[in-house]
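Student: I would like to take a close look at a single part of this model, and I would be grateful for one connected answer.

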Amino acid sequence: MLHVRYGKAVRGQPPRRRNVASVMPWAVEAVSDYVENIRPRFGCGEHPALWVTERGGRIKPAEINARFAAYRDALRLPAVLTPHSLRHSYVTHLTEDGVDRRFIQEQVGHRCDTSTAIYTHVSGDFMNTALRKALAPALTGRRTEDGSGQ
């Protein structure tokens, strides 16, 4: 569980705090490796931020964007990929894995479900499977839980 102290704020309000659960085992391993092996090299053990710079300060969004762009360009990935794309991917993967929408909304710090829905870009395979599942009772003549054939 990661505690986000300075999440995105609504204009005129303080940043929203939340806890973000890691639902992907590799993410826990990656953060643990960073905390145990990399972060101590910066010599800022008492700093409250998880992600720190070589000089012991908090990493700024512009620094993350610049580093991400450098790696993306070196790998010749499309320029449309940004750190924010990772957020969209996280929401999409959780959705495709059948995670409750309210949980996803809390994880990304959205007040409205419609904001979370904008982030969801499910694959064609996922949509076909969901559609097949929804239409199966009507196509096979099976009864639904409420007893109707709908």
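Is Arg72 buried or exposed, going by its relative accessibility?

Tutor: This is a predicted model, and what follows should be read with that in mind. Arg72 counts as buried, because its relative accessibility is 12% and the cut-off for buried is under 20%. The side chain of Arg72 meets that of Asp73 in a salt bridge, with 3.1 Å from N to O, and Asp73 is partly exposed, its relative accessible area being 45%. The structure holds two salt bridges, and the other partners to consider are Arg102 and Glu106, whose side chains meet at 2.8 Å, again given from N to O. Both of these residues lie in helix 4, where four residues, about one turn of the helix, separate them. Arg102 counts as partly exposed at 45% relative accessibility, and Glu106 likewise counts as partly exposed at 39%.

Returning to the part you asked about, the loop between helix 2 (61–74) and helix 3 (83–96) is the place of Leu75. Leu75 counts as exposed, because its relative accessibility is 62% and exposed means over 50%. Together with Leu77, Val80 and Leu81, Leu75 forms a nonpolar patch on the surface, and the accessible area of these four residues together is about 390 Å².

The crossing of helix 3 and helix 4 is right-handed.

Definitions and conventions:
Residues are numbered from 1 along each chain as its sequence is written. This is a predicted model: local features need pLDDT of at least 70, side-chain atom pairs count only at pLDDT 80 or more; totals for chains, interfaces and linings use all residues. Side-chain values use heavy atoms; hydrogens and water are left out. Patches are made of residues with over 30% relative accessible area and no salt bridge: like charges are joined within 9 Å, nonpolar side chains (Val, Leu, Ile, Met, Phe, Trp, Tyr) within 5 Å. Accessible areas come from the Shrake-Rupley method with a 1.4 Å probe; for residues, only the protein chains shown count as cover. Helices (H or I, at least four residues) and strands (E, at least two) are DSSP runs, numbered from the N terminus. Buried means under 20% relative accessible area, exposed over 50%, partly exposed in between (1.4 Å probe, protein chains only). A crossing is left-handed if the near helix is turned anticlockwise from the far one by less than a right angle, and right-handed if clockwise.
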